[in-house]
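Here is a friendly walk through one model, written for someone who likes cut-offs spelled out. Please keep the sequence and the coordinates open as you read.

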Amino acid sequence: REIRGQCKRLAPEYQPVLAPELIDDRHLLVLWVPASDLRPHQAPTARDKDGRLQYFVREGSVTAVAKKGTLDTLMQQAAKVPFDDRRALDVALEKVRESRVREFLSDVRSGLLDEPDGREILRKMFLSARVNGHEVPKNVALMFFADEPEDWFRGARIEVTQFAGDAAGTLIEEVVFRGPLQEQLRAVIRYLQNLSTQHLEKQRDRPEVRGWVSYPLAALEESLVNAVYHRSYEGVTEPTKVYLFPDRIEIISYPGPVPGIKAEHLRPGGRVPPVPARNRRIGELLKELRLAEARGTGIPKVIRSMRDNGSAAPEFDFDDERSYFRVTLPAHPEYVAITALRDAAHLRAIGDLVGAEQRLAVAFEASPGSVVLAAALIEERGRRGDVEGAREIFDRFQSGPVRA
């Protein structure tokens with residue numbers, strides 16, 4: 001308790017590995033002190049009663065406060081190791097499932113699959129590190145190859161929430177995806193694919209078939225992969241969130257982008273600067289699985305796939321504190337109209353005429369240029385004798401851009 005209490009006074013906190021041992025009938029306490037991934041650390045001095053912290057260096061047999069020149073050199077040499085590449089000192093290597101590692105190697109067609117020694121595979125994949133005579137896993141190994149990464153990384157899950165199209169935004173369904181990161185991603189992509197709508201239409205004046213989907217798969221995949229890849233897992237308990245609305249999908253990760261990324265970099269025509277990635281190793285493994293390119297091409301790919309589908313441009317936003325990052329993918333306008341008409345017909349069939357009109361009104365607000373929505377809402381208001389309300393919709397439709 002005394003040792004751990006003193007270590008808590010360091011900034012950032014550092015805890016050695018304590019190992020009680022029995023040698024020749026004598027009880028010994030062995031302190032394993034591996035190099036820190038968060039160096040340099042500050043410590044209080046015995047003379048400073050106010051708890052002031054300073055940097056110290058070892059000069060021969062003396063511990064002394066680091067002077068200006070020495071401190072500058074210390075800072076330059078002490079660049080932080082990315083969190084996903086740090087050693088999980090308190091976790092047994094057995095928590096990394098060899099079967100999952102071999103499944104990964106099979107997926108990427110690696111020759112390492114022929115190596116009979118599971119520990120040797122982890123060494124060659126840089127998924128483990130030697131610490132004073134024994135091996136420990138790295139964080140990325142637990143994220144990809146442990147059964148429950150949430151045991152160590154509280155935010156390592158994806159929550160998908162679906163909302164109704166009514167004005168109150170009633171919750172329809174919430175699904176939580178857990179397990180290794182790559183399995184979460186694949187499961188969520190399959191789930192969203194099953195909810196997606198595809199429309200194909202034969203054109204009279206040409207042999208090509210005109211088609212669209214509610215959300216292009218490339219935009220969904222890239223947005224989800226970026227959320228999992230670029231978020232932080234260090235002390236962040238919020239999961240990656242996917243909100244499904246009738247007219248859009250929002251994908252939110254925590255915290256916001258790393259310093260150096262500005263809002264204008266995320267707009268059409270913008271270029272994302274080559275800032276260091278928050279998670280180096282996660283990107284490497286996702287790239288091997290062909291889930292990510294790790295070349296800064298993700299956002300242009302999302303914008304291009306939405307444009308090619310005939311959808312509105314995606315939106316990327318974060319707050320001034322960079323506490324979150326959100327991607328908004330608008331649904332294809334014809335999908336918005338079809339969904340609203342279907343919901344309104346259901347509400348009308350069960351006798352909720354007010355709810356049917358409200359559902360159409362909400363959809364029309366989102367897409368005021370839609371012919372079918374304008375016509376349906378005019379008809380709905382005309383049915384109950386609201387001529388002025390119907391005229392208002394007609395005037396708004398005429399004044400805006402016309403869509404199918």
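Strands β3 and β4 (residues 53-59) pair in the antiparallel sense over 3 bridges; pairing here asks for at least two DSSP bridges between the strands. Ala43 has Gln54 in β4 as its bridge partner. The two strands belong to an open sheet of 3 strands, in the order β3-β4-β5 and with antiparallel pairing. Its edge strands are β3 (42-44) and β5 (62-65), each of which pairs on one side only. From one strand to the next, the twist averages 60 degrees. Strands are DSSP runs of E with at least two residues, helices are runs of H or I with at least four, and both are numbered from the N terminus.

A word on provenance: this is a predicted model, in which local features need pLDDT of at least 70 and side-chain atom pairs count only at pLDDT 80 or more, while totals for chains, interfaces and linings use all residues. Residues are numbered from 1 along each chain as its sequence is written, and side-chain values use heavy atoms, with hydrogens and water left out.

Next, the helices. The axes of α11 and α12, which are lines fitted to C-alpha atoms over the stretch in contact, with angles from 0 to 180 degrees between N-to-C directions, come within 10 Å and cross at roughly 150 degrees. That makes α11 roughly antiparallel to α12, a label for angles over 145 degrees. Among the residues that meet are Leu353, Leu360 and Phe364 in α11, and Leu373, Leu377 and Arg381 in α12. Contact means heavy atoms within 4.5 Å.

What does the interior look like? The largest nonpolar core has 82 residues, and Phe144, Tyr233, Ile282 and Leu286 have the most contacts inside it. Such a core is a set of buried Ala, Val, Leu, Ile, Met, Phe, Trp, Tyr and Cys residues joined through side-chain atoms within 4.5 Å. Tyr233 touches residues including Phe83, Phe153, Asn279 and Ile282.

Two buried residues can be set side by side, where buried means under 20% relative accessible area with a 1.4 Å probe, protein chains only.

| Residue | Element | Relative accessible area |
|---|---|---|
| Ile251 | strand β13 (residues 248-253) | 2% |
| Gln182 | helix α6 (residues 181-195) | 6% |

Not counting residues up to four places away in sequence, Gln182 touches Phe144, Phe145 and Leu289. With that exclusion, the contacts of Ile251 include Ser223, Lys241 and Phe325. Ile251 and Asp117 are 40 Å apart, C-alpha to C-alpha, and 134 residues apart in sequence.

Technical notes:
Buried means under 20% relative accessible area, exposed over 50%, partly exposed in between (1.4 Å probe, protein chains only). Angles under 35 degrees count as roughly parallel, over 145 as roughly antiparallel, 65 to 115 as roughly perpendicular and the rest as oblique.
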